[in-house]
Amino acid sequence: MSKGQSKAEILQGTLDLMVLKTLQTMGPQHGFGLAKRMEQISTGILDLNQGTLYPALLRLEQRGWIKSRYGASENNRKAKFYEITKAGVKQIQSEQQNWEQTVGLMERFLRLAE
Amino acid sequence: MLAFWKKLKATLFRRQAERELEEDVRCHLDMLIEENIQNGMDPEEARYAARRSFGGVEQVKETYRDKRGFRWLDSLLQDIRFGIRMLRRNPVFTVAAILTLGVGIGGNTTIFTVIRAVLLKQLVYSEPDRLVYLSTDNARRNRQDSPFTLTRLEEMRASSRSFTGIGAFLSSAEDVTLSGTGEPEALKGSRISANFLDILGVQPLFGRSFLPGEDTPGGAPVAMISTALWNRRFGADPLVIGKTVTLDSMPHTIIGVLPPDFQFPFAGVDIWVTRPSEWSRLPPRYWRTVTLLKGFARLKPDVSLEQAQAEMVVLNNRYLAAHPDFGAVPGVTMRVARLKDRLVQNVRPMLLTLFGAVGFVLLIACANVASLILARATSRSREFAVRAALGAGRGRLIRQSLAESLVLAAAGGALGVLLANWGLHVITGMNALDSPTRVGALSVPGAEQIKLDGLVFGFTVALSMATGILFGLFPSLRISRPDLVNVLRESGAAAGRGSSGRRGVLRVSGRSLLVIGQVALSIILLIGAMLLIESLTRLHSVNPGFQTANLLTAKLALPPNRYDTDQKRAAFFEEVVTRTKAVPGVGSATVAMSLPTTPWIRTDVKVKEQPPADPNEVPTVQLQSVTPRYFHTLGIPLRRGREFNEHDNTPTAPPVVIINERFARRFWPSYPRQGPIGQHISNGADKSAAWLEIVGVVSDVHEGGLAADAGPEFYVPIAKHTPQTAYLAAHRRRSARLGRRYSQPGASDRSRSTHL
């Protein structure tokens with residue numbers, strides 16, 4: 001468990017932002033809907049084991065960035081719907097800045113190396 | 001913070017969280033399968049594809065569980081659940097351990113509660129640090145904390161600049177008979193200065209406090225009552241203010257009700273009246289000059305205790321110089337102490353000793369339970385060895401066995417709280433039983449505040465946990481290092497016996513340590529208990545000096561306006577004795593100013609034929625005034641001379657006195673070979689009296705209770721010293737049965753009404 005942590009942490013960081021952003025644009029979603037949407041957006045680049053979403057959702061909920069409640073799906077199935085909170089929106093903003101900084105930095109280095 | 005609560009919730013409600021996870025996963029898989037079927041897969045294929053795109057279901061769940069709650073708390077709860085199961089399987093061990101711990105924890109909780117209420121809690125008065133307590137000491141006569149005179153109080157009030165106010169109270173509580181509404185009732189009363197509430201900074205619950213005018217001779221008879229009395233006797237009726245009740249046959253108007261926890265100057269007082277020096281036991285001519293009062297005062301904000309003490313030294317010298325007649329008792333100094341310190345002075349050592357004792361009891365309980373656990377651990381060594389072999393770490397094993405200890409300790413703590421609750425009832429009950437007349441000033445303060453509350457409960461919880469760790473850690477350290485090879489090699493049948501050889505020796509040494517500690521602690525407790533029992537048996541073997549069997553007593557209180565002269569009072573007492581003797585079954589009867597164990601009076605004496613070597617050395621002895629048949633009725637043996645006769649008990653008769661043997665030995669070293677009969681003494685309390693002729697010597701009586709030494713004492717006929725309240729004592733003939741009315745507190749009212 002402790003060995004894989006550092007790798008999982010990096011993945012989690014990006015996964016968190018992806019989940020939050022998807023929830024922000026799409027509104028309340030159940031796990032399956034969320035997974036499908038993310039696969040659509042990533043157009044297959046991201047080979048996501050859909051199950052790994054759930055620990056990520058738990059983490060986001062514990063932090064208070066998303067909240068969940070039970071509702072009915074399109075097929076009238078009882079499912080847990082996840083929804084972004086105000087704190088989650090704020091988190092997206094700060095994460096986005098970080099991300100853009102990192103990307104900008106990387107771009108500069110890569111151009112320098114050419 | 002939010003994450004913490006969510007995690008805690010998920011840990012505590014594990015089953016619900018598990019169900020939700022299960023549902024989420026199934027729902028997701030079902031949706032995947034449905035979609036796959038819509039896309040044209042057959043059901044079997046659809047299910048397979050769904051599993052593949054979801055990933056390892058159990059793996060996901062396990063990751064999820066790790067993050068969901070607190071793993072450590074979860075496994076701790078598991079340990080506790082397992083511990084409870086194990087304890088249930090051994091009911092005898094469990095009950096024994098819980099009872100032992102319950103007694104230990106209960107005792108500690110009880111004493112801690114008392115200590116907190118009495119020693120640790122602040123006084124309920126405002127700015128308690130500025131309150132001081134005033135009394136006198138006499139190093140030369142080895143007397144501490146003695147009362148002073150009204151004259152001294154007045155002079156202190158006139159000249160002292162250290163205090164915002166000085167108050168005083170009659171140094172012993174009075175037993176007061178309340179009548180007028182319903183059954184007469186004997187209550188504990190206090191006489192106190194009108195300004196007492198101002199000094200203490202307390203507001204009456206209802207009504208008003210005393211007015212200054214009521215604290216002067218001839219002031220209106222008014223009284224304040226306790227909340228307890230107000231509830232019990234007056235049904236908490238606010239209209240009680242202005243009601244008239246009879247206190248010791250004097251009508252008094254109730255002017256106020258004091259707050260519920262008000263306990264000044266004594267615990268358990270129900271009636272407060274003012275004019276502190278007007279003690280009904282003394283003829284009014286003594287009220288200014290006999291040392292009756294103890295004081296209390298509030299320091300001015302800019303005055304320190306030391307400055308006040310220095311001022312009191314000056315005032316004391318001035319007082320001694322100004323009153324050579326009654327004030328000049330050599331060696332007298334004023335004592336100024338903080339009220340708080342003074343309040344607990346008597347009980348502090350006792351409480352701390354008790355705390356030590358119950359602490360030892362708890363340690364012994366811990367040692368007991370530890371050896372029980374160790375003994376059981378031997379039979380469980382195979383279980384632990386198997387767990388260790390399966391990969392349980394040492395920490396895990398310690399935690400497991402500690403969890404069991406904590407479960408035991410928690411159960412013991414719960415029992416302890418129950419026991420403490422019961423113990424506190426007993427203690428406060430004992431305090432209430434405390435005889436109203438035998439309390440030294442301010443004896444057990446704050447008794448009403450002794451109760452279990454949140455802090456005490458916290459103490460108990462902490463104590464239980466500490467106890468659990470204390471008795472659990474040692475055994476768990478031992479059993480957590482099982483000798484795998486040896487234990488497991490033994491056959492199942494032999495496993496119960498535990499390991500042998502080198503480890504056996506070690507185990508014995510560990511246990512011997514426990515046993516040694518236990519025996520040592522037990523011996524300390526045993527010695528303490530033996531000493532207590534020894535003192536108690538000694539106390540029981542003390543001859544009180546009078547016969548208690550078949551003796552009935554009642555208090556007599558005379559209305560001062562009707563019985564305003566010595567003659568009238570003396571005549572009444574004589575009448576009571578005559579009528580009581582006429583009751584069939586009564587052998588003899590007497591009236592006395594005080595009975596053994598009720599407050600007495602001390603006074604200076606001089607012996608005409610034995611002038612003291614140092615003229616400043618004036619001994620004080622106890623004064624008692626009695627009707628002629630006193631010694632006969634109480635069974636006090638006459639050693640020399642004669643008892644008082646009817647002729648002695650008239651105001652005009654030549655003054656005579658009877659002394660006790662202690663008195664005789666003190667002034668006539670050759671007693672009993674040469675008697676003091678026919679010689680003369682003076683009664684310092686009565687300056688008008690001439691020399692009194694000694695007509696008899698009686699044996700000693702423990703006036704102050706069995707624990708107090710019998711001091712020198714002299715007796716005068718009651719006609720020469722006639723108090724406002726006195727005691728009737730009647731000796732019942734062995735076969736006779738008297739009506740209950742003679743033993744009732746209300747008897748004083750009955751006596752009065754027969755006379756009127």
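1. Salt bridge between chains. Lys78(A) and Glu23(B) form a salt bridge in this predicted model. Their closest N and O atoms are 3.7 Å apart. The cut-off for a salt bridge is 4 Å. Between chain B and chain A the count is 6 salt bridges.

2. Polar contacts across the interface. Here the rule finds 9 residue pairs in polar contact between chain B and chain A. For these pairs, both residues are at pLDDT 80 or more.

3. Elements on the chain B side. Four helices of chain B each give two or more residues to the side that touches chain A: H1 (2–12), H2 (14–38), H3 (43–54) and H4 (57–68). The largest share comes from H2(B), with 10 residues. By class, this side of chain B has 12 charged, 8 nonpolar and 4 polar residues.

4. Extent of the interface. On the chain B side, 24 residues are in contact with 28 residues of chain A. The size of an interface is often given as the accessible area lost when the parts come together. For chain B and chain A, the buried area is about 2,200 Å². Carbon and sulfur atoms give 55% of that area.

5. The sheet in chain A. Three strands of chain A form an open sheet, in the order S1-S3-S2. The pairing is antiparallel. Strand S1 (29–30) and strand S2 (66–72) of chain A stand at the edges. Each has a single partner strand, so one side of each is left without a neighbour in the sheet.

6. Pairing of S1(A) with S3(A). Strand S3 of chain A covers residues 78–84. S1(A) and S3(A) pair in the antiparallel sense over 2 bridges. Gln29(A) has Tyr82(A) as its bridge partner in S3(A). In general, strands of a sheet pair through backbone hydrogen bonds, either parallel or antiparallel.

7. Gln724(B), a loop residue. Where does Gln724(B) lie? Gln724(B) is in the loop between strand S21 (713–717) and strand S22 (725–732) of chain B. Is Gln724(B) buried or exposed? Gln724(B) counts as buried because its relative accessibility is 9%, and the cut-off for buried is under 20%.

8. Surroundings of Gln724(B). The side chains of Gln724(B) and Arg569(B) are joined by a polar contact of 3.0 Å. Leaving out residues up to four places away in sequence, Gln724(B) touches Ser280(B), Leu556(B), Ala557(B), Leu558(B), Pro559(B), Pro560(B), Tyr563(B) and Arg569(B).

Notes: Residues numbered from 1 in each chain as written. Chains lettered and ligands numbered in written order. Predicted model: local features only at pLDDT ≥ 70, side-chain atom pairs only at ≥ 80, totals over all residues. Heavy atoms only, no water. Contact = heavy atoms within 4.5 Å. Buried area = accessible area lost by both parts, 1.4 Å probe. Salt bridge = Lys/Arg side-chain N within 4 Å of Asp/Glu carboxyl O. Polar contact = N/O pair within 3.5 Å; in protein donor to acceptor, adjacent residues only side chain to side chain. Nonpolar A, V, L, I, M, F, W, Y, C, P; charged D, E, K, R; others polar. Buried < 20%, exposed > 50% of the residue type's maximum accessible area, 1.4 Å probe, protein only. Pairing = 2+ DSSP bridges.
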